[in-house]
Amino acid sequence: MRKTTKLALAFVALAGAVGTTAYAENNASAKMREGTMMRLDKAMSASDGTINFDQFSDAMNARLKKLVADNGGKLTVAQLADALEKARFERMAKRIIARYDTKGDGTLTSDDIASREKKVFAMLDKNNDGKIEKRELPKGGRFGRHRQWGDDGEDGGME
């Protein structure tokens, strides 16, 4: 392969990586702006349609200020990262509990897990023969993010 072709391919790969990163950052920024606007709208609707600086400040950074206060007036990178990670995992845990909790009591039991598995199995077993065959699995990786099932059967179905 010629040197110019290799350089062109390397440039295309770099441009794709940069573009993907920029898109992800823009998407995250848009979500942050949307959250900010929702907090400001809520603060304004709680008052007479206007807010002063203190109300603005509370709407913008109430959780962050609480974290600083809870940590003696100073917040390190590690403390902030721990708080963010904990909040993220709590959101994930709530979604999992909501998905599996058959009694609606906010807890997860072995029975809840078995019930969910039975529902998913029944959904996948399209011909109701008590077995899941490869052709019954969703196409295009809709069942899970890590596996995609092909039609050739050569490599165990993973692409």
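The bend at a residue is taken as the angle between axes fitted to the seven residues ending there and the seven starting there. By this criterion, in the predicted model, helix 2 (residues 53-70) contains a kink of about 80°, centred on Asn 61.

The protein comprises four helices and zero strands, and its elements follow the order α-α-α-α from the N terminus. Buried residues account for 9% of the 159 residues. Of the contacts between residues at least 6 apart in sequence, 3% link residues at least 24 apart. The accessible surface amounts to about 13,100 Å², and carbon and sulfur atoms contribute 58% of that area.

At the start of the helix, a side-chain oxygen of Asn 52 comes within 3.1 Å of the backbone nitrogen of Asp 54. After helix 2 comes Gly 72, which has a positive phi near 75°.

The structure holds four salt bridges, including one between Glu 90 and Lys 86, whose closest N and O atoms lie 3.7 Å apart. Here too the spacing is four residues, in helix 3, so Glu 90 and Lys 86 are separated by about one helical turn. Glu 90 is partly exposed, its relative accessible area being 39%, whereas Lys 86 is classed as exposed at 53%. Another salt bridge pairs Asp 112 with Lys 103, at 3.5 Å between the closest N and O atoms. Asp 112 counts as buried because its relative accessibility is 0%, a value under the 20% limit for that class. Lys 103, by contrast, has a relative accessibility of 53% and therefore counts as exposed.

A nonpolar surface patch of about 210 Å² is formed by Ile 96, Leu 108 and Ile 113. Of these residues, Ile 96 belongs to helix 3 (residues 77-100) and is partly exposed, with 37% relative accessible area.

Asn 128 is a residue other than glycine, and its phi is near 55°. Most residues other than glycine have a negative phi. Asn 128 is classed as exposed because its relative accessibility is 64%, over the 50% limit.

Note on methods. Residues numbered from 1 in each chain as written. Predicted model: local features only at pLDDT ≥ 70, side-chain atom pairs only at ≥ 80, totals over all residues. Heavy atoms only, no water. Helix = DSSP H or I, 4+ residues; strand = E, 2+ residues; numbered from the N terminus. Buried < 20%, exposed > 50% of the residue type's maximum accessible area, 1.4 Å probe, protein only. Contact = heavy atoms within 4.5 Å. Areas by Shrake-Rupley, 256 points an atom, 1.4 Å probe, with all protein chains shown as cover. Polar contact = N/O pair within 3.5 Å; in protein donor to acceptor, adjacent residues only side chain to side chain. Patch = residues over 30% accessible without salt bridge, like charges linked within 9 Å, V, L, I, M, F, W, Y side chains within 5 Å. Salt bridge = Lys/Arg side-chain N within 4 Å of Asp/Glu carboxyl O.
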